[in-house]
Amino acid sequence: MADEKSKAIRFSDGEFLAASEGGEIVRSSPTSVVVVAGMARSGKTTLVGELYGLFHKGPFAGHIFAGSRTLPGFERRCHLARLCSEREVPDTERTGFGESHDLLHLRLAAPNGTRSDILFSDIYGEAFHIAADSADECRKITILKRANHVAILVDGKKAVDKPERQRAFAGPDSLLRQCLDSGMLDINSNVQIVLTKWDLVAGQGDAFINDKFEWLIERHCNRLATLTVHKTALRTNGPICAGLGMDELLQTWITVQSRYVIPPTVDNNLYHSEFDRLDATWQVALNRRYHD
Ligand SMILES: Nc1nc2c(ncn2[C@@H]2O[C@H](COP(=O)(O)OP(=O)(O)OP(=O)(O)O)[C@@H](O)[C@H]2O)c(=O)[nH]1
Ligand SMILES: [Mg+2]
């Protein structure tokens, strides 16, 4: 019986890809690994889920949807924003503690047939709160080392709220500094600072937000390959349509800039081949401690 079990083939339910499955995609085609980071409720899951939703209406950003190995995972994340959820106001379910190893997969195709695969992390916000304060905790988010792009979100709603607005930028600033100081990001890393919820922001506090963007660039750009700033809206509000700013961000993400990853320096006898060793660097997100 035990033997039969070990021979069983596990079919993915499409909710998410495990680290090893993500590794398979990376090895089979040029793939951009995007870590979406930010404090709790800053809009991480909505950004990734609604980006997938934008392709429901047809081509977006010069690409068409060409498949996903995590369709149910995307659909679940978008559900509370759909009419069938019978909600009056679109919402997104909070990312759970146990979902921090999840990768979401999106395959896009350009008119000339060029295929782009993107793997997104969906890590819950508390992990980034803790990581901003502790180098050890930051090092547990191992996917940061594998990422081609790291998007650090600034909650737009908080960025225009006077009592909250300094903190809205201080969190992402501390997180970025900690990632750099702990060696999880370095001079080869591509980072995007993304102000979310622009539909709630437009016309208010623009000068403050632009000053803060400049402040972040000045503080960190010398330690990174690229540091760019973006404003996005994933909900429609008045003249602002869902998807604003996503075209530019997506173009940035599908540019796969390789980042040299040093394989772990552990006993070589543990690995049968270089592929096993590479696979071992694919522990996606957080140390088991978060799940205990
Ligand atoms: N108006 C507006 N609301 C947004 C936008 N993006 C996200 N939200 C809302 O912000 C709230 C938090 O969004 P999430 O995507 O769950 O945030 P998160 O960062 O994944 O949160 P955690 O998983 O808890 O860390 C939800 O109520 C979303 O509907 C946006 O562009 N505009
Ligand atoms: Mg989330």
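Two strands pair if DSSP finds at least two bridges between them. The views below show a predicted model.

**View 1. Strand β1 pairs with β4 and β5.**
β1 and strand β4 (residues 115–121) run parallel and are joined by four bridges. Within this pairing, S32 sits opposite I118 of β4. Strand β5 (residues 149–154) also pairs with β1 in the parallel sense, over four bridges. Here V36 has A151 of β5 as its bridge partner.

**View 2. β1 is buried on both sides.**
In a regular strand, side chains alternate between the two faces of the sheet. From β1, T31, V33, V35 and A37 point one way. S32, V34 and V36 point the other way. Seven of the seven residues of β1 are buried, so the strand is largely enclosed by the rest of the structure.

**View 3. The shell around ligand 1.**
Ligand 1 is surrounded by 23 residues. The closest are G43, T45, T46, T95 and G125. By class, the shell holds six nonpolar, ten polar and seven charged residues. α3 gives the most to this shell, with three residues.

**View 4. Two loop residues with positive phi.**
Most residues other than glycine have a negative phi. R41, not a glycine, has a positive phi of about 65°. R41 lies in the loop between β1 (31–37) and α3 (44–54). With 17 other C-beta atoms within 10 Å, R41 is partly exposed. A61 is also not a glycine, and its phi is positive, near 55°. A61 belongs to the loop between α3 and β2 (64–67). A61 is partly exposed, with 18 other C-beta atoms within 10 Å.

Key
Residues numbered from 1 in each chain as written. Chains lettered and ligands numbered in written order. Predicted model: local features only at pLDDT ≥ 70, side-chain atom pairs only at ≥ 80, totals over all residues. Buried ≥ 20, exposed ≤ 12 C-beta atoms within 10 Å, placed from the backbone. Near = placed C-beta within 6 Å. Nonpolar A, V, L, I, M, F, W, Y, C, P; charged D, E, K, R; others polar.
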